[in-house]
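I opened the notebook to record what I looked up. The entries follow in the order in which I made them.

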Amino acid sequence: MTALGIFSSANLNGGQKLAMKYFAVSLALFGAQILFGLLAGLQFLMPDFLFGVVDFSVNRTLHVNALVIWLLYGFMGGVYFILEDEAKHPIVGLGLGNLIFWVLTSAVVIVILVYLLVQVGPGEMSSIWLINEGREYIEAPRWADIGITISMLVFFFNVFATFSKGRYTGIGGVLVLDLLALAGLYVFGMFYTPNISMDQFWWWWVIHLWVEATWEVLVGCIMAYMLIDTMGVRRKIVETWLYIEVALMFGSGILGLGHHYFWIGTPEYWFTIGGFFSALEPIPLVAMVVHAIFDAGVHKMKNKNHPALGWTIAQAAGNFFGAGVFGFMHTLPQINLYTHGTQWTASHGHLAFFGAYSTAVIGFFYLAAQKARGNVWMSGNLPGNGWKWKWAMALLWIGMIGMTMALLIAGYEQSQIERAIEGSTWMGYFAAQEHPWFIQAMVWRQLSGYGFLLGYILLVWDLLTIGKGETRPAQVVETGTH
Amino acid sequence: MSQTAWWASESLWRKSAIWVTGVSFILLIYLTFDTLPYIKAGGINVPGFSVINKRIDYQYNEVKHRYLPVIGQDEPLFGKMLTEVEAEALVSKGKLTTQAKNCMACHTLLGNGAYFAPDLTKSWIDPAWGSKETREADMVAFLMDPTDKLHNSIGRRMPNLGITLDEAKATVAFLKWMSAINTNGFPHNFKSLDQSDAPAAAAPVTAPAAAVVAPVSQ
Ligand code: HEM
Ligand code: HEM
Ligand SMILES: [Fe+2]
């Protein structure tokens, strides 16, 4: 170990070194996501801006794909980061893991360049294989799908083999099974059919069963480790909670898939099944809030990484509001008939992804920053009272809440004017888009987006500098009796 | 602190997690098998591809209290009757075009996608096309060169995506086919293009009222 306060990979174990690479790409793609989001947002206000050069569709595709990839990179980094410590064994197949990082990252770069420079192809299978699959979130062409699947299998092998050679904890067991499901689900998004109903039926298996089931549990696992590591919460407590969350999350989320089967040609009984089970989905999210607050309270907020704990609590709250409250708001078919595919959906999508997942990954960035500097002090009394991390967090949240609220207002306006009054025709659509209330909402979304960007810049600055020159070792947290 | 209460026991919750997940998953598999016959082409809710040979409308159903597609008399697309196989090939070409051009990154299809441009679920019967006589040609022309054809006052335009004539026709076929899917009443309250046989907009006052009620099937 090198001296405290110096950023050095000598401070990290093998898995953590690999994790740092994933985190670096993740943080950069987060920036790319924001950039393309701002461009797309601006095109709502200035339709001629970059028209015919980098169209809305291109910006949006890059925006949502960068999102999915930076979160996946963040999760993979998180898992590699905790793996050796959790399994008490060096990573099995680390060389392969490193190789795959470079393969995957090259693929991501090529896919981004093709989106940006080639953009569209002829209406033939070759376009699906080489350019763009044209299916939201999983637009990546088929060759990349295959590459991603292979990479996921290698990643899975690292995790599985390391736990098997070392020790299986509760967290480890849940993680292995969850990753298997997560990787397996991706395959359902990898076929072509002319039938749009069939297409969307299976597309939702990937999207919904990722974000409302397997990703939730994955984050549950890495956040469980976070609580043990930064606060010293007793493992038995954390793992019992993890099982409760898995039971509630899968128990509601798997059949909650039905809330996407209201309007795509699927039978009517999905109204009942989808409405009922998805309405239960907020319950595990409440449980997680209770859990985080309870642990933080029991440990009197005493912990060794304040920014990470801050983002952990933000994760619990953000997950609850973004997914639980904003998801519940439009999940019953009686409401969804009018909100389906309006800015309501975008409002929920933003708060949920940020609240549930970005927060968790950012928390891990801070944990990594601490360890990379030799496990330095990151509790209270940071230089400048920790203003950078606090302001980064405040700006990101203010920006996100501003965007979410603006989009919600736009969504209300659309469901009234476009849907209820005008009856969802093209004219109805534009009647709503032209309305001053809609335009004002788009202005506020854009302004909030700039605030969000400031928060991001501050976050990057803070991550690169926090703990620099710090001479105090991390606060000792004794493993609690609670 | 004495013993853990039974309801806080780790192993109870581990078992619950396994059982709940397993049962939910099995139910999902069962429901999936039950749903597939509804959503396969030619299934209960999703028509066969040769439906593009017919007139397709969307009307309020008094019994169901929701809007449902109404499949009418023969009305072949581009004046040509197709077999199921030919129709599938054409619709498939159109679907591929929508994917290769990434239509869903601006529009929604069946309500899913992006919110920068109108939903395409019922675009085939959208009143914006004006009249059913010119619709096919207008749609093809629009898809091939949309940049100067605005539908709004805010200047939002569709870019030129390099769609060829064949691709445009196939895309229209795909859109026509999609408009015949039973979507349980989404979108609600949609007033479709007048497709009655009476000349539409400039209909003479003497047009027989009976013609408005098109025969439901042949
Ligand atoms: C962290 C968890 C969640 C994330 C990241 C998330 C994200 C999203 C996103 C991005 C969409 C839009 C998909 C599209 O582009 O078409 C969506 C749709 C939807 N979500 Fe969630 N969601 C989460 C949890 C929930 C929960 C718990 C509920 C219900 C209680 C819910 C209800 C819905 C509904 C009903 C839709 C469909 C909206 C429509 O009809 O247009 N979501 N979600
Ligand atoms: C500067 C910040 C951002 C801006 C200006 C922005 C802007 C946009 C725009 C314009 C769209 C397209 C919506 C449409 O089709 O009408 C979009 C979609 C989306 N954005 Fe963002 N975004 C930002 C940040 C974020 C963040 C931080 C997240 C998540 C962590 C996020 C997640 C999403 C998702 C999931 C969608 C798809 C929503 C759906 O299909 O329902 N965005 N964003
Ligand atoms: Fe969902």
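How are the donor residues of the iron ion (ligand 3) spaced in sequence? I read the spacing as H-x3-E-x46-H-H.

I noted the ground rules next. This is a predicted model, in which local features need pLDDT of at least 70 and side-chain atom pairs count only at pLDDT 80 or more, while totals for chains, interfaces and linings use all residues. Residues are numbered from 1 along each chain as its sequence is written, chains are lettered from A and ligands numbered from 1 in the order in which they are written, and side-chain values use heavy atoms, with hydrogens and water left out.

**Entry: iron ion**

I looked up the donors of the iron ion (ligand 3) and found His208(A) (ND1), Glu212(A) (OE), His259(A) (NE2) and His260(A) (NE2), at 2.0 to 2.2 Å. Donors are N, O and S atoms within 2.8 Å of the metal (3.2 Å for Na, K and Ca); water is not among the atoms, so sites may look incomplete. The angles among the four donor atoms run from 85 to 147 degrees, and the site is irregular. Four donors count as tetrahedral if all angles lie between 85 and 135 degrees; four count as square planar and six as octahedral if opposite donors are over 155 degrees apart and all others between 65 and 115; anything else is irregular.

Glu212(A) is buried at 15% relative accessible area, and His259(A) is buried at 13%. Buried means under 20% relative accessible area, exposed over 50%, partly exposed in between (1.4 Å probe, protein chains only).

I also noted that 4.3 Å separate the iron ion (ligand 3) from the iron atom of ligand 1.

**Entry: ligand 2**

His63(A) and His350(A) each coordinate the iron atom of ligand 2 through NE2, at 2.0 Å. The site has six donor atoms with angles of 86 to 180 degrees, and is octahedral. I found His63(A) buried at 16% relative accessibility, whereas His350(A) is partly exposed at 23%.

**Entry: chain A against chain B**

I counted 84 residues of chain A and 88 residues of chain B in the contact, where contact means heavy atoms within 4.5 Å. The rule finds six salt bridges across this interface. A salt bridge is a side-chain nitrogen of Lys or Arg within 4 Å of a carboxyl oxygen of Asp or Glu. I also looked up the salt bridge between Arg66(B) and Glu268(A), with 3.3 Å from N to O.
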